[in-house]
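Hi,

Here is the structure we talked about. Please open it first, then read my notes with it on screen.

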Amino acid sequence: MRQTRFAAIALLAALAASSADAMEIKRVISPGGIEAWLVESHANPLIAMRFAFRGGAAQDPRDRQGLAYFVSGMMDEGLDSVAFQERLQSLATRMDFDAGRDVMLGNVQMLTANKDESFELLRLAMSKPRFDADAIERVRGQIIAGLKFDENDPEEVASLAWDRLAFRDHPYGRPIKGTKASIAAITRDDLHGYLRRVFARDKLAITVVGDIDAETLGRALDHVFGALPQRSELAPVADVKPPLGPAREIIEMNVPQSVAQFGHRAFPRKDDDFMAAYILNYIIGGGGFSSRLMEEVREKRGLAYSVHSNLFPYQHGAVFVGNVATQNERVGQSLEVIESELRRLAEEGPSAEELAGAKSYLTGAYALRFESSSSIANQLLWIQIEDLGIDYIDRRNTLIENVSLDDIRRVAKRLIEADRLITTIVGKPVEARPKAAPG
């Protein structure tokens, strides 16, 4: 089964690899000094732009949690909101924003024929948002309605509780979407204040893919972003190292199956062992049906439909996090199996066969991330955000191939703390006792 899956991925990757290998990334500097990475392609009359301001929800004041998220919902207010949206639709232009922990993300897709008008709408959204009172209240109502919905979503509740336990008073411990009380308190001045502090040229990363040349892009960059402040006013955010457990918090919810989130601190993106940890996570729970946890929890014992894990190398603190959903009566057993398997991996490490399979998949599937203009732009943007270098695409698979069995076994001992997990459970679990808070 695993060999068939890897073969299929290799075939698909081969079809995509030729375009990925031929891709030329140009560093474009506008006349005004704004930098962007450009992949120029005239095969289709389309342009995709992705950009980010470093800062994100970590810049939300303690009493204004959800401010960045609120701002992201208001960024189509460069004109009267209805007129703005109607103009975007008439131009067949897509524009949206999203708030992450460390970045505010922007996404624009447009037809080449409409690029001048589309860039002008983006300029208005970036530098002249109106934030009219009726639009603020409409977006506020939408966010609060979403928060009420999230209160009954076990996965969302488990995730928020885990962040609070792991990150405590750090900005990462606060909900990105805020709370009903904090969203209700946000004012028009707060929205403008966030823009003034965060939306600045010194913390801006931009990627553009499609039917546009470097000279035209340079002029567009100055037009869209040139009026922004030269320097941001970001509040300092401390690095955080989440405490180790064991810790387990149970939040009762009347649902037929419980959701559990488990994990602990991990390695930052620039750590020398990060790539080995990335491969290890694929083996643990990031590889779907080929992962250890899926094999032990679902395939062998039928305890859960799904179990998976991931690494989140946030800018100020990295974590290894997993999730499982199972019947209330099986929560305790599922977590015991997960802890046992993590313990075994830490002690013995993966097998040579597991490492080879993970490498084959991770290197073979990489080209599939570059199938469209928007996906290419997204990949390049995150390479910029994580400061991996413009040549990272050329180096990435070699970095994976260079991880040895000794490396990954050493890193398994360094990363995995099976007896020190922080775990949150939402539901009505049976035989899943609470444990002390992490310390």
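**Notes on the model**

Start at Arg201. Leaving aside its neighbours within four places in sequence, Arg201 is in contact with Gly32, Gly33, Ile34, Phe225, Gly226, Leu228, Pro229 and Gln230. Keep in mind throughout that this is a predicted model.

Where does Arg201 sit? It is in the loop between helix H8 (188-198) and strand E6 (204-210). Arg201 is buried, yet it has no salt bridge. A salt bridge would need a side-chain nitrogen of Lys or Arg within 4 Å of a carboxyl oxygen of Asp or Glu. For Arg201, the nearest side chain of opposite charge is Asp222, and that is 5.4 Å away. What does the side chain of Arg201 have beside it, then? One of its polar atoms lies 2.5 Å from the backbone oxygen of Gly32.

Next, look at the open sheet. Six strands form it, in the order E1-E2-E6-E3-E5-E4, with mixed pairing. Strand E1 (26-29) and strand E4 (94-99) stand at the edges. Each has a single partner strand, so one side of each is left without a neighbour in the sheet. On average, neighbouring strands here are turned by 20 degrees against each other, direction ignored.

E4 pairs with strand E5 (residues 103-111) in the antiparallel sense, over six bridges. Find Phe97: it stands opposite Gly106 in E5.

Now find helix H9 (residues 214-225). It lies across E1, strand E2 (35-40), strand E3 (46-54) and E6. H9 runs at about 140 degrees to E2.

Then move to strand E11 (residues 422-427). How many of its six residues are buried? Six of the six are. Ile422, Thr424 and Val426 point one way from E11. Thr423, Ile425 and Gly427 point the other way.

E11 has strand E7 (residues 247-252) as a parallel partner, over six bridges. There, Ala247 stands opposite Ile422. Strand E8 (residues 257-265) runs antiparallel to E11, and five bridges join them. Gln261 has Thr424 of E11 as its bridge partner.

Last stop: Gly286, in helix H10 (residues 274-286). Is it buried or partly exposed? Gly286 is partly exposed, because its relative accessible area is 37%. Not counting residues up to four places away in sequence, Gly286 touches Asn281, Ser291 and Ser309. Gly286 and Leu311 are 25 residues apart in sequence, and 8.9 Å apart in space, C-alpha to C-alpha.

Best wishes

Note on methods:
Residues are numbered from 1 along each chain as its sequence is written. This is a predicted model: local features need pLDDT of at least 70, side-chain atom pairs count only at pLDDT 80 or more; totals for chains, interfaces and linings use all residues. Side-chain values use heavy atoms; hydrogens and water are left out. Helices (H or I, at least four residues) and strands (E, at least two) are DSSP runs, numbered from the N terminus. Buried means under 20% relative accessible area, exposed over 50%, partly exposed in between (1.4 Å probe, protein chains only). Lys and Arg count as positive and Asp and Glu as negative; His and the chain ends are not counted. A polar contact is a pair of N or O atoms within 3.5 Å; within protein, one must be able to donate a hydrogen and the other to accept it, and residues adjacent in sequence count only if both atoms are side-chain atoms. Contact means heavy atoms within 4.5 Å. Two strands pair if DSSP finds at least two bridges between them. Axes are lines fitted to C-alpha atoms, for helices over the stretch in contact, and angles run from 0 to 180 degrees between N-to-C directions.
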